[in-house]
Amino acid sequence: MGIFNRRSETTSTAASATEDLSHLTGAYTIDTTHSEIGFAVRHAMVTTVRGQFSEYEGKLHLDGSDPTRSTAEVVIKVASIDTNQEQRDGHLRTGDFFDAETYPEITFRSTSAQQIDAETYRLTGDLTIKGTSKPVSIDFTFNGSAKDLYGNERVGFEGSATINRTDWGLSYNAALETGGVLIGEKVKLTFDISAVKSA
């Protein structure tokens with residue numbers, strides 16, 4: 001994925017597109033203590049349940065000169081799912097949903113990257129859940145780069161994608177007496193990422 005300095009309000013799009021960003025090129029590790037991988041899904045047709053995965057690891061290779069050569073890989077521990085309700089989390093770990101015992105990890109491995117405009121980059125890759133892999137595209141916006149208090153080079157970005165959970169075999173549901181279903185099929189995935197340059 002191309003992770004680039006966000007242009008200021010006074011900087012033209014053309015200038016941003018031609019800025020030398022080669023200094024961002026390198027390998028990065030996701031800092032999970034300053035990042036979040038979350039999701040949101042409609043519940044009972046009237047509200048939204050949000051959650052996150054608290055255990056995961058990821059690595060990026062960013063190419064500041066050619067964003068199409070950037071890559072990313074993330075591995076998520078299914079058992080770490082947290083929707084702030086213990087009984088619901090336990091149900092999500094069962095065979096009705098993720099079947100965490102049989103399929104303990106969710107993975108995303110990029111297959112291509114492209115620059116959409118001066119600030120937006122699209123990462124496409126294979127998302128694997130419950131042994132099923134399907135392509136997903138995620139649009140990211142760069143939030144900045146800086147050296148932290150320890151001298152580490154950091155980049156930050158956020159992105160999102162909407163998927164249909166039934167495409168990965170997460171088809172459990174229940175009908176409501178008033179019509180409709182208990183759980184929406186569309187799930188919004190959100191990524192708020194801070195990554196540290198390692199090489």
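Let's start with Asp-31 and Arg-154: their side chains are joined by a polar contact of 2.9 Å. A polar contact here is a pair of N or O atoms within 3.5 Å; within protein, one must be able to donate a hydrogen and the other to accept it, and residues adjacent in sequence count only if both atoms are side-chain atoms.

A word on the model. It is a predicted one: local features need pLDDT of at least 70, side-chain atom pairs count only at pLDDT 80 or more, and totals for chains, interfaces and linings use all residues. Residues are numbered from 1 along each chain as its sequence is written, and side-chain values use heavy atoms, with hydrogens and water left out.

Back to Asp-31. Where does Asp-31 sit? In the loop between β1 (26-30) and β2 (36-43). Helices (H or I, at least four residues) and strands (E, at least two) are DSSP runs, numbered from the N terminus. Is Asp-31 buried or exposed? Its relative accessibility is 13%, so Asp-31 counts as buried. The cut-offs are these: buried is under 20% relative accessible area, exposed is over 50%, and partly exposed is in between, with a 1.4 Å probe and protein chains only.

What does Asp-31 touch? Leaving out residues up to four places away in sequence, the list is Arg-154, Ser-194, Ala-195 and Val-196. Touching, or contact, means heavy atoms within 4.5 Å.

Asp-31 and Arg-154 also form a salt bridge, with the closest N and O atoms 2.9 Å apart. Why does this pair matter for the layout? Asp-31 lies in the loop between β1 and β2 and Arg-154 in strand β10, so the pair ties together parts that are 123 residues apart in sequence. A salt bridge is a side-chain nitrogen of Lys or Arg within 4 Å of a carboxyl oxygen of Asp or Glu. Side chains of opposite charge can pair when their charged atoms come close.

How many salt bridges does the whole structure hold? Seven. Another one joins the side chains of Arg-69 and Asp-63, at 3.9 Å from N to O. Arg-69 counts as exposed, at 56% relative accessibility. Asp-63 counts as buried, at 10%.

Next pair: Glu-105 and Lys-77, whose side chains meet in a salt bridge at 2.7 Å, N to O. Glu-105 is in strand β7 (residues 105-115) and Lys-77 in strand β5 (residues 71-77), so this bridge ties together parts 28 residues apart in sequence. Glu-105 is partly exposed, with a relative accessible area of 35%. Lys-77 is partly exposed, also listed at 35%. And there is a network: salt bridges with shared partners join Asp-31, Asp-148 and Arg-154.

Stay with β10, residues 153-164, for Glu-158. Glu-158 is partly exposed, at 41% relative accessible area. Its side chain makes a polar contact of 3.0 Å with the side chain of Asn-143. Beyond four places in sequence, Glu-158 touches Asp-139, Phe-140, Thr-141, Asn-143, Phe-191 and Asp-192. Phe-142 is 16 residues away in sequence, and its C-alpha is 6.7 Å from that of Glu-158.

Now the inside. The largest nonpolar core has 42 residues, and Phe-98, Ile-106 and Leu-127 touch the most other members. Strand β11 (residues 183-197) gives the most to this core: six residues. A nonpolar core is a set of buried Ala, Val, Leu, Ile, Met, Phe, Trp, Tyr and Cys residues joined through side-chain atoms within 4.5 Å. In soluble globular proteins, nonpolar side chains tend to be buried together.

Val-46 is in the loop between β2 and β3 (47-53). At 65% relative accessibility, Val-46 counts as exposed. Thr-47 is in strand β3. Thr-47 counts as partly exposed, at 38%. Neighbours within four places aside, Thr-47 is in contact with Val-41 and Arg-42. Thr-47 and Ile-183 are 136 residues apart in sequence, yet 10.0 Å apart in space, C-alpha to C-alpha.

Last, two backbone angles. Ala-44, in the loop between β2 and β3, has a phi near 55°, a positive value in a residue other than glycine. Asp-99 is not a glycine either, and its phi is positive at about 50°. Asp-99 sits in the loop between α2 (86-92) and β7.
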